[in-house]
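Please work through the exercises below with the sequence and the model at hand. Each task is followed by a solution in steps.

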Amino acid sequence: MLRLHQNDQPLDPQSPLAIRGLSVSYGEKPALFSVDLTAAPRSMTAIIGPNGAGKSTLLKAALGVVPRLSGQVSIFGRALASERHRIAYVPQRASVDWDFPANVRDVVLMGLYGKIGLLRRIRRDDQAIAEDALARVGMQDFAHRQIGQLSGGQQQRVFLARALAQNADLYLLDEPFAGVDAATEAAIIAVLKKLKDAGKTVVAVHHDLSTVTAYFDHVAMINTRLIAEGPVAQAFTTAHLQEAYGGRLATAQIDRLREAGHY
């Protein structure tokens, strides 16, 4: 169902991620104003909008990383605190300290700490989970490489492997394709689509409008407030792009989409 500027509906108890009326402010500057989002189960949802629209803030506020002024968030119909173990989060690569003295396998094993605890000894089964996750993203041969020695695309694969090791039900990714090469992008989207096929839900902040229709089946378009949310065929329209991006930028983006056959 397509939703436009509506936050008076109750939270969907069946949704892996349901947000209603979410508002966030950094000082006196509003970052988000009364935003809704309902992620359909077993789907891939793109959060799109111009720079500074609040896309990353939306994920962080949903996770409780940044405080919200108002709004409700539920995870599979329950409070975040009780369902946090069902969520895997991949932050923006630029926000990570890549000089941290850890090798690739250690980084992936960090994804298991929520289940095994920080002080428990790593078991052989845990090592096997990490190795399997690395194999799924094509990084098994780099297990002992220091994380800072990898390329940007390789680092992104490792952080995706860390999320895979958690065996979550809901995957939240903040610009997973930013700054990666074409081969890495293809590898990441293949992994994400396999997650969806396995019954998982993926929500990703995304910046490349030309790949929205190929990669995702739902979209939430925001620019501080919600512009539109729903299946790509209904929400990813010229009118909504004009409203979200505005002016000449929107015109240029839409022209490129038309050239690529999206309209």
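The model is predicted, so local features need pLDDT of at least 70 and side-chain atom pairs count only at pLDDT 80 or more, while totals for chains, interfaces and linings use all residues. Residues are numbered from 1 along each chain as its sequence is written, and side-chain values use heavy atoms, with hydrogens and water left out.

**Exercise 1. Strand pairing**

Determine how S1 pairs with S2 and with strand S4.

Solution. 

Step 1. Helices (H or I, at least four residues) and strands (E, at least two) are DSSP runs, numbered from the N terminus. Two strands pair if DSSP finds at least two bridges between them.

Step 2. Seven bridges connect S1 and S2 in the antiparallel sense.

Step 3. Opposite Ser-23 stands Ser-70 of S4.

Step 4. Burial follows from relative accessible area: buried is under 20%, exposed over 50% and partly exposed in between (1.4 Å probe, protein chains only). In strand S1 (residues 17–26), eight of the ten residues are buried.

**Exercise 2. Salt bridges**

Find the salt bridge partners of Asp-169, Glu-131 and Arg-225, and place each pair in the chain.

Solution. 

Step 1. The criterion is a side-chain nitrogen of Lys or Arg within 4 Å of a carboxyl oxygen of Asp or Glu. A search of the whole structure gives seven salt bridges.

Step 2. Asp-169 meets Arg-86 at 2.9 Å, N to O. Because Asp-169 lies in the loop between helix H6 (152–165) and strand S6 (170–174), and Arg-86 in the loop between helix H2 (80–83) and strand S5 (87–90), the pair ties together parts that are 83 residues apart in sequence. Asp-169 is partly exposed at 25% relative accessibility, and Arg-86 is partly exposed at 23%.

Step 3. For Glu-131 the partner is Arg-105, with the closest N and O atoms 3.9 Å apart. Glu-131 belongs to helix H5 (residues 124–136) and Arg-105 to helix H3 (residues 104–109), 26 residues apart. Glu-131 has a relative accessible area of 43% and is partly exposed; Arg-105, at 21%, is also partly exposed.

Step 4. Arg-225 pairs with Glu-243, the closest N and O atoms being 3.0 Å apart. This pair links strand S9 (residues 225–231), which holds Arg-225, with helix H10 (residues 238–245), which holds Glu-243, 18 residues apart. Arg-225 is partly exposed at 34%, and Glu-243 is partly exposed at 36%.

Step 5. A network of salt bridges links Arg-78, Glu-83, Arg-86, Asp-169 and Lys-200.

**Exercise 3. The second largest pocket**

Describe the volume and the lining of the second largest pocket.

Solution. 

Step 1. On a 1 Å grid over the protein atoms alone, a pocket is an open set of points where a 1.4 Å probe fits, with protein on both sides within 12 Å along at least five of seven lines; lining residues have an atom within 4 Å of a point.

Step 2. The second largest pocket holds about 210 Å³ of space. It is lined by 14 residues, and those closest to its centre are Asn-51, Gly-52, Ala-53, Gly-54 and Lys-55. Strand S2 (29–39) and helix H1 (55–62) are the elements that give two or more residues to this lining.

Step 3. Ala, Val, Leu, Ile, Met, Phe, Trp, Tyr, Cys and Pro count as nonpolar, Asp, Glu, Lys and Arg as charged, and the others, Gly among them, as polar.

Note on methods
Points joined across faces, edges and corners; volume = space filled by probe spheres on them.
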